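This report describes the fold content, overall dimensions and symmetry of the structure shown below.

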There are 2 protein chains.
Amino acid sequence: MPDTLTQTATDRASAELSQLLGDRLVTSRGDRTHHSHGEGLPDAGMPDFVAYPQTTDEVAALAAICSAHGIPMVPYGAGSSLEGQVAAVRGGVSVDLTRMNRVLDVSPGSLDCHVEAGVTRMQLNRHLRDSGLFFPLDPGADATLGGMAATRASGTNAVGYGTMREVVLGLTVVTPDGRIIRTGTRARKSATGYDLTRLYVGSEGTLGFITELRLRLAGQPEGVVCAVCQFPTLEAAVGTATLARQMDLRAVRLELLDEVQADACIRYSKLEKMQPLPTLFVEFHGTPQAVREQAGLFRELAEDNGSVSWDEAETLEERMTLWTARHSCYEACIALKPGSRNMGTDACVPIEHLAEVILETQADVKSSGLIAPIVGHVGDGNFHLGIVFDPEDADERARADALADRVSRRALRFGGTCSGEHGVGLHKMRYLAEEHGEGLEIMRAIKAALDPLGLMNPGKLIPERAETPGG
Amino acid sequence: MPDTLTQTATDRASAELSQLLGDRLVTSRGDRTHHSHGEGLPDAGMPDFVAYPQTTDEVAALAAICSAHGIPMVPYGAGSSLEGQVAAVRGGVSVDLTRMNRVLDVSPGSLDCHVEAGVTRMQLNRHLRDSGLFFPLDPGADATLGGMAATRASGTNAVGYGTMREVVLGLTVVTPDGRIIRTGTRARKSATGYDLTRLYVGSEGTLGFITELRLRLAGQPEGVVCAVCQFPTLEAAVGTATLARQMDLRAVRLELLDEVQADACIRYSKLEKMQPLPTLFVEFHGTPQAVREQAGLFRELAEDNGSVSWDEAETLEERMTLWTARHSCYEACIALKPGSRNMGTDACVPIEHLAEVILETQADVKSSGLIAPIVGHVGDGNFHLGIVFDPEDADERARADALADRVSRRALRFGGTCSGEHGVGLHKMRYLAEEHGEGLEIMRAIKAALDPLGLMNPGKLIPERAETPGG
């Protein structure tokens, strides 16, 4: 039992939650352990209970109970977050929303849909398969849509379709004290009042529960061109990506793999046509003529920058193979060194500095002696190192930490952000003061106003002040 | 002097503000009257002073003084807001930011720029003229960029380029007590912390002063096709727009004029080629081949829906004439009835309901006996009535009010918003409870947290509770 909770409060909450949820309130060690951590670094926080609500009303009733007894609440989706967002570091209830997994409505006429928070992106796309529509955001993991909103996720399609910031039209949110609010409207835009939708998107469960989402969908493109383009140097690959962006060539995906990552993917995903060279994966969506024109212009640009190959995926299967390989970068990194773990960085910088930042980072990796492939959504300035380290080797872990820290600070130095899409959780809290300055005080004021008891996902996102005089 | 201020506080603030600003603190009746209202309906609130700060630091010093003495502060830009946002309804200082009009930085490499809040959109575009870049948002009025952010403005290009919600990368904001915060980064996306940028965008000066903005820019398109397409019925015109949107034909502008508005524009702007019929103005941006393909598909779609003409603007001058005419709709409406005023509505609804809502609205106009042309950014579901009324005729004004009220409530009934782009100000406050429900309490909590003394643009945006027990 965590220090912060008295046995009495926990017992009372337990009794009331059991009454509410029956056997959907679980205290088994196995279930609690499963809910004590996400992916990424091993930073667990054991919840006292795991709850499986099935409706927004149940979440609201749960919140009212926890609020009355001072029990921390930690929203939990697919458990795929990378920064410790779901660890119950102060105990309490892990609220698993995966049983709220209904697609409530799809409107082809307005290109939107209404889903419960536990629906995953792949589930939604399976549901949409015959509708001519799809949900374009693609963070790799089969995350829940509620979790993706909570972390402001994006992924490979963000250049073309935006991030969760852009595609969420509205939310149903349960406040820490159990009120139900609905943000946004079904209209594409609105100018009425504070943008609560965008406030909850990216709030990582610290302001309330996202229980339902209204999302924009996209029409399946009539034409798609997808190609692998390889370069003799990393500089040439990033330079091509940067120029393409500056020329407004509208790739919907523009992904970089450095030579180490390319090599890892070739081995792991058996991409036999590729060489272990700096690589761009690029994809265009649109009308057939338009995508051919765009791809042609991109290819010319790449050739002007010295590209050595241009290989188009001719079939849907070839495309799937390619993007599956891209999404397996994490596993491909780990396979480079059996028994290792992978520490992901998440810098995002202004496009004009991307080449400089990536080259400086690669030099830093080389001098660190670590294996750390670079992979990136370079169309929007976001890139990841997959730092491979042996969890049993304290020195290697320390060098990995130091390398990751330099990546975050370098991004800030170039006017960027320490996290483009993974969020803050536990691991990036140390950078918030530097990134946001006095803005962090505004975030604290909002947190205090909307979660006055500090029960929503406590210990995350917003670092506490060194001293908090007067509480 | 307003009731809420004591003479002593006002005198002290006046002395300190004079010391800060010298002759840039003005009390002349003419200047105060000019700053007592925006455009749109005549709802004036006279400020006690007008201040003309020149730097963010001066705004911060001003805010600290006003905060110490309890003086209301009302940010003022070009004065082009339509919903009473700049009226000093509780007196205090109108803070005119138009002398903060420097373009601080333009980065072609990152497609962004950094400007002071008083720069207008046309000024920025003049500055960018030879850069190959432009600022795409186009609300008609030559509004300041700070004002556009404060009201979450958009305009004719929003379908293609987004609204201020999408194009603002970051802001410099002065808090009511005079702290300076910087929101966002120069990176295209970030997942670190609450989205303060989006919170201030659309906050209408009620949470602080926007003093500087970092904005996304767009590259000048290589290819443009702009056309006027006319239809025998309003239903056919709206149906074409709706289908085009559903087919993901990427018009960057898609504007509707009903037959009354078309007639008004023909007379006012001398558009000799047009007939007084329901009309779409449509524009595509992209590579030359792509825009031709898109325009061709759009034209086919229009013809399938019975369009009677397709007339492309061949030259830049012809395009300018067309868009100038579109932006003169307001004046063209007033010219229909000399001595009249124009009351604009601003409903925005889900695309699938747009045709039904517009047709129901046109029938409502007809039965009201009023002249009220319809014009709309139909690509995103937003449309305006320009209700022409005689300000001396109480009965006509009452009928105009009732018609406008029905438009707002109809939008809510169809899952939309009472304001797509003009904001709330004074006039739309009555709809917020219906549109946001319990969410309004969250907005109140944010307002209380970030402006605890209630000095920023008081009496606007967030309606007060009927009773506020315990203050």
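Helices (H or I, at least four residues) and strands (E, at least two) are DSSP runs, numbered from the N terminus. By this definition, chain A has 17 helices and 18 strands. Its radius of gyration, taken over C-alpha atoms, is 23 Å, close to the 23 Å given by the globule rule for 471 residues, so chain A is as compact as a globular protein of that length. The rule is 2.2 Å times the number of residues to the power 0.38.

The model is predicted: local features need pLDDT of at least 70 and side-chain atom pairs count only at pLDDT 80 or more, whereas totals for chains, interfaces and linings use all residues. Residues are numbered from 1 along each chain as its sequence is written, chains are lettered from A and ligands numbered from 1 in the order written, and side-chain values use heavy atoms, without hydrogens and water.

| Property of chain A | Value |
|---|---|
| Span of the C-alpha trace along its principal axes | about 70 × 55 × 40 Å |

Chain B can be laid on chain A with an RMSD of 0.0 Å by a turn of 180° and a shift of 0.0 Å along the axis, superposed by least squares on the C-alpha atoms of residues with pLDDT of at least 70 in both. The two copies are thus related as by a two-fold rotation axis. In chain B, A290(B) has the C-alpha nearest the axis, 2.4 Å from it.
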